[in-house]
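Welcome! Please take a moment to look over the sequence and turn the model around on your screen, and then we will walk through it together.

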Amino acid sequence: MKKSFAVLGLGRFGSSVAEELFEKGQEVLAVDVIAANVENIKDKVTVAVQADMRDERALSQLEIQRFDVVLITIGSDAQTSILATVLCKELGAKYVIAKAADPMHAKLLRKVGADKVVMTEREAGARLAHSLVSESIIDYLELSDEYSVSEISIPPRWVGQSLDGLKVRNTYDISVMAIRRGQEIIVRIDPYAPLQGGDVLVVIGGNDDIQKIANLR
């Protein structure tokens, strides 16, 4: 399902997330106060705009409230990221993810309304993008350009069926390494046991194959 994202701050991390989201077919608005950053990414996102994230009027004109997710990726400037978070929430942003530089910064971001706070660097940008694109992909670890290990919430249609009955390996070309069921991690998997609602599969396989399962309803 296509979603819309506004990425505020186009440093290494913000640019990485914005480009990855756009490559995955999502609508991406990229925003930065530095013209060179906007110029560098304009052909890699849906729209790139130069604007001051501390300016309420500028954010209002961008219609921040219409995006599914707003990402504030200015981890190195705590004052700007905190103010941008406050303004986005006041303008009606649905879901705000903010990048923090340290635990205190993270605490302040949560206090002012950030729905989720991350403390991460550039190499984790793709990981965050994968989890944002598909609500079914809970966590993601890239092994190469083509293969990954992912945690995927089982599709509703799989509840009550077994891995053997679903022929997961043959049909979807992925391998199930473990099942997370509540607080329990099941590594000795019974392929004939029925899957339960809320189960999370830890799988390894091709990125496209994993995405196909994540898109099942």
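Helices (H or I, at least four residues) and strands (E, at least two) are DSSP runs, numbered from the N terminus. Serine 81, for instance, is found in helix α4. Before going further, please keep in mind that this is a predicted model, in which local features need pLDDT of at least 70 and side-chain atom pairs count only at pLDDT 80 or more, while totals for chains, interfaces and linings use all residues. Residues are numbered from 1 along each chain as its sequence is written, and side-chain values use heavy atoms, with hydrogens and water left out.

Let us begin with the whole chain. The protein chain has nine helices and eleven strands. Of its 217 residues, 48% are buried; here, buried means under 20% relative accessible area, exposed over 50%, and partly exposed in between (1.4 Å probe, protein chains only). The next idea is contact, which means heavy atoms within 4.5 Å. Among contacts between residues at least 6 apart in sequence, 58% join residues at least 24 apart.

Now we can turn to the interior. In soluble globular proteins, nonpolar side chains tend to be buried together. A nonpolar core is a set of buried Ala, Val, Leu, Ile, Met, Phe, Trp, Tyr and Cys residues joined through side-chain atoms within 4.5 Å. The largest one in this model has 27 residues, and those with the most contacts inside it are Leu8, Leu59, Ile64, Val70, Ile72 and Cys88. Two or more residues come from each of β1 (4–8), β2 (27–32), α3 (56–61), β4 (69–72), α4 (78–90), β5 (96–99) and α5 (103–111). Helix α4 gives the most to this core, with four residues.

Which residues is leucine 59 in contact with, leaving aside its neighbours within four places in sequence? They are Leu8, Met53, Ile64, Leu87, Cys88 and Leu91. Alanine 58 lies in helix α3 and counts as buried because its relative accessibility is 15%. Not counting residues up to four places away in sequence, alanine 58 touches Ala51 and Asp52.

Back to serine 81 in α4. Is serine 81 buried or exposed? At 0% relative accessibility, serine 81 counts as buried. Its side chain makes a polar contact with the side chain of histidine 105 (2.7 Å); a polar contact is a pair of N or O atoms within 3.5 Å, where, within protein, one must be able to donate a hydrogen and the other to accept it, and residues adjacent in sequence count only if both atoms are side-chain atoms. The side chain of serine 81 also reaches the backbone oxygen of alanine 78 at 3.0 Å. Beyond residues up to four places away in sequence, serine 81 touches Ile72, Ile74, His105 and Leu109.

Another serine to find is serine 4, in strand β1. Serine 4 is buried, with a relative accessible area of 6%. Not counting residues up to four places away in sequence, serine 4 touches Glu27, Arg66, Phe67, Asp68 and Val69. The C-alpha atoms of serine 4 and leucine 29 are separated by 8.0 Å, although these residues are 25 residues apart along the chain.

Next come the strands towards the end of the chain. Two strands pair if DSSP finds at least two bridges between them. Strand β9 (residues 174–181) pairs in the antiparallel sense with strand β11 (residues 200–206) over six bridges, and serine 175 has isoleucine 204 in β11 as its bridge partner. β9 also pairs in the antiparallel sense with strand β10 (residues 184–186), over three bridges. There, isoleucine 179 has isoleucine 186 as its bridge partner. The hairpin of β9 and β10 has two residues between the strands, and glycine 182 takes a positive phi near 65°.

Helix α9 (residues 207–214) is mostly covered, with six of its eight residues buried. Those residues are Asn207, Asp209, Ile210, Gln211, Ile213 and Ala214.

Finally, look for the rings. Rings of Phe, Tyr and Trp (its six-membered ring) pair if their centres lie within 6.5 Å; planes under 30 degrees apart count as stacked, over 60 as edge-to-face and the rest as tilted. The structure holds one aromatic pair. The rings of tryptophan 158 and tyrosine 172 have centres 5.5 Å apart and planes at 55°, so this pair is tilted. Both tryptophan 158 and tyrosine 172 are buried.
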